[in-house]
Every structure is written in C-alpha cells, then in structure tokens.
Amino acid sequence: MTILEIKDLTARVAATEDAPETVEILKGVNLTIESGQTHAIMGPNGSGKSTLAYVIAGHPKYEVTGGTVTLDGENVLEMEVDERARAGLFLAMQYPTEIPGVSTANFLRTAATAVRGEAPKLRHWVKEVKEAMSDLDFDPAFSERSVNEGFSGGEKKRHEILQLDLLKPKIAVLDETDSGLDVDALRVVSEGVNRYKAEENGGILLITHYTRILQYIKPDTVHVFVDGRVAASGGAELADELEANGYEKYLTPANA
Ligand code: ADP
Ligand code: MG
Ligand code: MG
C-alpha cells in the first residue's frame, strides 16, 4: 500500500533575474491518493492543474513556498527528480517534450534503468517493449525515432502511457492524457491505464477537462480544482454535474 499525501501545498514559478516577481499559482492544495484509487481533477484552464503535476514531479521551474508532499511518509519535496521516479512517482505530461537525437528505444531503456536500479537484460527488455507497444497499438518503428519528434498528439500520449506500462510507478499523475485523442486512441490509451491499475494496483491522479475519458477510466473521487486549490470533492457523479453546469459556482469572487 502506497500513500501520497499533499498538505497545504503552495507554489509559484521560480523567480529568475529576468523575472524576479512571481505570484502564487498553488494556493493550499490538500489531496491524498492511495494505491488502487483513481482521483480525477477537473478545473478550468489556468487554474494550476499542470503546475500541481509538475510540482509533484519536481520540475525546477516551480518553487514550493509552503506545505508538504510525502510518499509513504518520505519527504518528496527534498528528493531530486530522479529520486522521485525511483520512489515510484510518474508524470505523464500534458505537453510531452521532444528530444531530438535520442531514440525512443534508448530513452525508454535509460528511464527503466534509472527506475529499476539496473539495466534490464537486453533480450528480455526487447520483448517487454514489443509487447507493451503492441498493447497500445503503437507501431514498433517508433522505437527508432527521436523521442516525440514529429509525433502526432495521439502518438505522444501513447508514448506517455508506454512509459507508464514499462516503469510501473506506484502513483501516476496523468495530465490531460485525453487531450488531442480521437475516440479509438482514447480507448487504447484508457485501456493501458486500466491495465496499469489492475496489474500494479497503482494510484492514479487523472487531470482532465472532459468527462469523456471518465467513461473509460472510472474515478473513485472527483475534485474540482479552481484558483490553485481543491474547491470541492465528490464521487463520480460530480463530473456529470461539472459537465452540465460548469465551474461557475466554484469560482472565488476574484475569479468569477
Ligand atoms: P492548468 O494546467 O490548470 O491550465 P497551469 O498550471 O498550466 O494551469 O497554469 C496556471 C497559471 O500559472 C497560468 O496562469 C499560467 O500562465 C501560470 N504559469 C504556469 N507555469 C508558468 C511558467 N512556467 N511561467 C509563467 N507562468 C506560468
Ligand atoms: Mg494544464
Ligand atoms: Mg503489459
């Protein structure tokens, strides 16, 4: 059993010499995710959902100004990015990064080596990747292409879920994995997430704009995320209410 606990988390864009003035984006986030649970976060554009995902993963662009994040009691905020991955945290990014000159095969093997603590045996690894790609209807030819370079939106998202399958984290943060997917890709990607859930009993934080993906990946809990914090939480029915009525009643006066 793994538990990720986020308490009173506040964060802003890290100040730089060029931009010394930054404002708080996360304004006191409270959230607890356990193995086997799926939490959906829904909220308007610009409310800080991706910032929350990046802060959990340890992106250097953001500076935590208060609160705590712990994984089974260990202080996540003190860990380097690679330590967080080894501890079992995973982020599927909303806008996956292109890495020209690095093949997808090499990237995946390097990531697996870092997370597992040793390089996977080559013959076994090749089979593992082949199966995982086939499960995601992902053409094996992508192995030899540079990471995400020239990938379509759907191919980038498939590549994120391929990593999920291969790295087997304890807690996975999926940031708008549904955006830009057609119905077939959405189904394939959702099935990948559900396999991860069933096989690894992973905890999932699913950030989304749309209830469409929640028809494939059933959330236990839905959180409304507005203005840098969780404004309300409920069961799966809350997603339908949001779809019907929008976020208006959750907006604070300053944002309404
Ligand atoms: P969401 O994912 O909910 O759409 P984001 O976390 O991407 O929201 O952004 C929240 C707010 O923080 C936005 O106003 C955005 O412009 C700002 N922001 C996020 N990252 C940065 C950054 N690196 N530099 C400047 N502003 C940022
Ligand atoms: Mg976002
Ligand atoms: Mg598999």
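Welcome to a predicted model, in which local features need pLDDT of at least 70, side-chain atom pairs count only at pLDDT 80 or more, and totals for chains, interfaces and linings use all residues. Residues are numbered from 1 along each chain as its sequence is written, chains are lettered from A and ligands numbered from 1 in the order in which they are written, and side-chain values use heavy atoms, with hydrogens and water left out.

**The metal site**

- Ser-50 (through OG) and Gln-94 (through OE1) coordinate the magnesium ion, ligand 2, at 2.1 to 2.2 Å.
- Because Ser-50 sits in helix H1 (residues 49-57) and Gln-94 in the loop between strand S6 (89-92) and strand S7 (99-103), the pair ties together parts that are 44 residues apart in sequence.
- Helices (H or I, at least four residues) and strands (E, at least two) are DSSP runs, numbered from the N terminus.
- Donors are N, O and S atoms within 2.8 Å of the metal (3.2 Å for Na, K and Ca); water is not among the atoms, so the site may look incomplete.
- Both Ser-50 and Gln-94 are buried, a word that stands for under 20% relative accessible area, while exposed is over 50% and partly exposed is in between (1.4 Å probe, protein chains only).

**Around Thr-211**

- You will find Thr-211 in the loop between strand S10 (203-208) and strand S11 (221-226).
- Thr-211 counts as buried because its relative accessibility is 7%.

**Aromatic rings**

- Rings of Phe, Tyr and Trp (its six-membered ring) pair if their centres lie within 6.5 Å; planes under 30 degrees apart count as stacked, over 60 as edge-to-face and the rest as tilted.
- That rule gives three aromatic pairs.
- Tyr-54 and Tyr-62 have ring centres 5.9 Å apart and planes at 15°, so this pair is stacked.
- Tyr-54 is buried, with a relative accessible area of 18%.
- One aromatic cluster is formed by Phe-138, Phe-142 and Phe-151.

**The largest pocket**

- On a 1 Å grid over the protein atoms alone, a cavity is a set of points where a 1.4 Å probe fits but cannot get out, and a pocket is an open set with protein on both sides within 12 Å along at least five of seven lines; lining residues have an atom within 4 Å of a point.
- The largest pocket has a volume of about 720 Å³, where grid points are joined across faces, edges and corners and a volume is the space filled by probe spheres set on the points.
- Its lining has 28 residues, and those closest to the centre are Val-81, Ala-85, Leu-91, Phe-107 and Gln-163.
- H1, helix H2 (81-87), S6, helix H3 (104-116) and helix H5 (153-167) each give two or more residues to this lining.

**The cavities**

- There are two cavities of 30 Å³ or more.
- About 80 Å³ of space lies in the largest cavity, and H6 gives the largest share of its lining, five residues.
- The second largest cavity holds about 30 Å³ of space and is lined by Ala-53, Ile-56, Ala-57, Leu-89, Phe-90, Leu-91 and Val-173.
- H1 and S6 are the elements that give two or more residues to the lining of the second largest cavity.
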